[in-house]
Structures are given as C-alpha cells and as structure tokens.
Amino acid sequence: MSGTPVIEMTGGRKTYTTGALSFEALRGVDLRIDEGEYVAVIGPSGSGKSTLMHVLGCLDVLTEGSYRLTGHDVGDLDEVELAAVRNLQIGFVFQQFHLLPSLPAWRNVELPLVYRGVPRAERRALAVEALERVGLGDRLENRPGQLSGGQQQRVAIARALVGSPAMILADEPTGNLDSASTEDVLALFDELHASGRTVVLITHEAEVAERAARVVRVLDGLIQSDGPSAATPLTHLAPVGPDGGAR
C-alpha cells in the first residue's frame, strides 16, 4: 500500500450478547484507509455498516481483532481516553445535525475546541474560518432554527472540520435533506477530498456512495467488495490489490 494509513482494521469482529443470545455484527473485517482518501461504506439495514461506523468512530470497540487509528491501537483505551480520541482525531457528521438550538452557528462550531480548552478568542477565529470554508460566513449569528436543513448540515460539517481531525466520519449525512441540499453537501465533501481531507461516508444509497472515490460494500458483517466507484477515473486512484484494497 502507498500513503499513510489513517484506519487499519485487522480481523475485526464485534459480538453483541443479551442473556443467552449473541449476535455477531462484524465477522472478520480487514480494512485500510489512507490519508486523503474519500471512501464510502455502503450496505443495507442490518449489514453491519453502522456497527463498523461506531467502531471506526471509537464509539464502540471490537470484541476481537485490532483497530489502529493514525497508527495507535485504540482497543485497550478506556472511555475517557476514547472520548479524547474522538475529540482530537475524528470530525463527526450525522444524519441528525445535533446542533444546540439556543446557540448561534459559530458557537455550535466552536464546541469541540471548548472541550480542548482552546482560548475563547482563538475558538471564535477558528469557528469563523470553518464557517467561511463551508460557505456560511454570513450566517455566524444565526441559530439553527433560522437556517435551512442544508445550511444546518453545513454548520455540522464546519464543526467537524474546526479541530483539523485526522478524518471526517459522516453517517448518512444526506438522509434528512432534499435533493438540492444533498447535492450541496456532497459537493462540499468533494471539495474537502480535493483539498486532501480524509473522508469516510456511511450510507445505504448507491448514488451517494458513488460520489466517493472508493466504495466498500458491507453485507452480513463482512466486506463483500472494495474498489473504485463507478464514477471515479481509475487514474485518480492508487492501484487496487487482489484483495480489493488500495495499494
């Protein structure tokens, strides 16, 4: 493989147990995503993609196997340490925008920096810069209720960007948007990828997944295929090995 790995999962298994019942949501996943890649993870409901997203985002941990994020094994971290990793290394974008309705846009965007202890003046400057990056420099003082759904999602993307994380992890980010807002958000992800950001997009929609450069298809807790999207010229991708992973 070429490039610097952001995500390295080997033999990833996740089993949920309730009483005498157990369910294996991930059944031996091997996945590597390098710095600067734009990867979509797609699968139907119950395929394991949501569990995979939770593990990649350090919201859950594997039962077996290993997961290294930016070269660090996160499997043995406690909840406090995992929270620190999430704050420092991962920018989350969810289907639900998770904005605080009483706060203006810039205050919502600065929140990850509050938890880092960044001084207020620096937080505001970085929040303004992030909002300008997503085209909302004129909406700094607007509260979420004064913004459209697409604008709210762009505020959420600015919040994900503000701390310069190792990757943007987006879970069904267009699920609550109309077609025009969906296009705006996907165009923004295209721009982020073009600027060198690492973007991992979780979706069940094929047309959304095809906007990424690489598509990982998950079914029954396993990776069924891993390769370039139909919309991506092969010359824009690293060579693909026999296992479907980029080399």
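Author: Axes are lines fitted to C-alpha atoms, for helices over the stretch in contact (heavy atoms within 4.5 Å), with angles from 0 to 180 degrees between N-to-C directions. Helices (H or I, at least four residues) and strands (E, at least two) are DSSP runs, numbered from the N terminus. This is a predicted model, so local features need pLDDT of at least 70 and side-chain atom pairs 80 or more, while totals for chains, interfaces and linings use all residues. Numbering starts from 1 along each chain as its sequence is written, and side-chain values use heavy atoms, leaving out hydrogens and water.

Reader: Okay, which strands does H1 lie across, and at what angle to E2?

Author: H1 lies across E1, E2 and E4, and its angle to E2 is about 60 degrees.

Reader: What makes H1 "mostly covered"?

Author: Buried means under 20% relative accessible area, exposed over 50%, and partly exposed in between (1.4 Å probe, protein chains only). In H1, residues 49-56, six of the eight residues are buried. They are Lys49, Thr51, Leu52, Met53, Val55 and Leu56. Just after H1 comes Cys58, with a positive phi of about 60 degrees.

Reader: How do you know that E1 and E4 pair?

Author: Two strands pair if DSSP finds at least two bridges between them. E1 (residues 5-18) and E4 (residues 64-69) have five, in the antiparallel sense, so they meet the rule. Arg13 stands opposite Glu64 in E4. The open sheet they belong to has four strands in the order E2-E1-E4-E5, with antiparallel pairing.

Reader: Which are the edge strands there, and what makes them edges?

Author: E2 (21-34) and E5 (72-73), as each pairs on one side only.

Reader: Why is E3 called largely enclosed?

Author: Because five of its five residues are buried. Tyr38, Ala40 and Ile42 point one way, Val39 and Val41 point the other way, and all are buried.

Reader: How many bridges join E3 to E8, and how many join E3 to E9?

Author: Five to E8, running parallel, and four to E9, also parallel. Val41 has a bridge partner in each: Ile202 in E8 and Val216 in E9.

Reader: Next, the largest nonpolar core. Which of its members touch the most other members?

Author: A nonpolar core is a set of buried Ala, Val, Leu, Ile, Met, Phe, Trp, Tyr and Cys residues joined through side-chain atoms within 4.5 Å. Among the 39 residues of the largest one, Val109, Leu131, Val155, Ile157 and Phe189 touch the most other members. Elements giving two or more residues to this core include E3 (38-42), H3 (105-116), H4 (120-133), H5 (149-161) and H6 (179-194). Apart from it lies another core, of 28 residues, with Cys58, Phe92, Val200 and Ile202 among them.

Reader: What is Val109 in contact with, leaving aside neighbours within four places in sequence?

Author: Ala127, Ala130, Leu131, Val155, Ala158, Arg159 and Val162.

Reader: Why do Phe92 and Phe94 form an aromatic pair, and what kind is it?

Author: Rings of Phe, Tyr and Trp (its six-membered ring) pair if their centres lie within 6.5 Å; planes under 30 degrees apart count as stacked, over 60 as edge-to-face and the rest as tilted. Phe92 and Phe94 are 5.5 Å centre to centre with 5 degrees between the planes, so this pair is stacked. By this rule the count comes to one aromatic pair.

Reader: Is Phe92 buried or exposed, and what about Phe94?

Author: Phe92 has 15% relative accessibility, so it counts as buried. Phe94, at 23%, is partly exposed. Phe92 sits in E6 (residues 90-94). Leaving aside neighbours within four places in sequence, its contacts are Gly57, Leu59, Arg86, Ala156, Ala160 and Leu169.

Reader: What lies over the face of Trp106?

Author: Arg107, at 5.6 Å from the ring centre, and Arg124, at 4.6 Å. A charge sits over a ring if NZ of Lys or CZ of Arg is within 6 Å of the ring centre and within 35 degrees of the ring normal, so both arginines qualify.

Reader: Last one: where do Thr70 and Asp220 lie?

Author: Thr70 is in the loop between E4 and E5, and Asp220 is in the loop between E9 (214-219) and E10 (222-228). Neither is a glycine, yet phi is positive at about 50 degrees for Thr70 and about 55 degrees for Asp220. Thr70 has 26% relative accessibility, so it counts as partly exposed. Asp220 is partly exposed too, with a relative accessible area of 48%.
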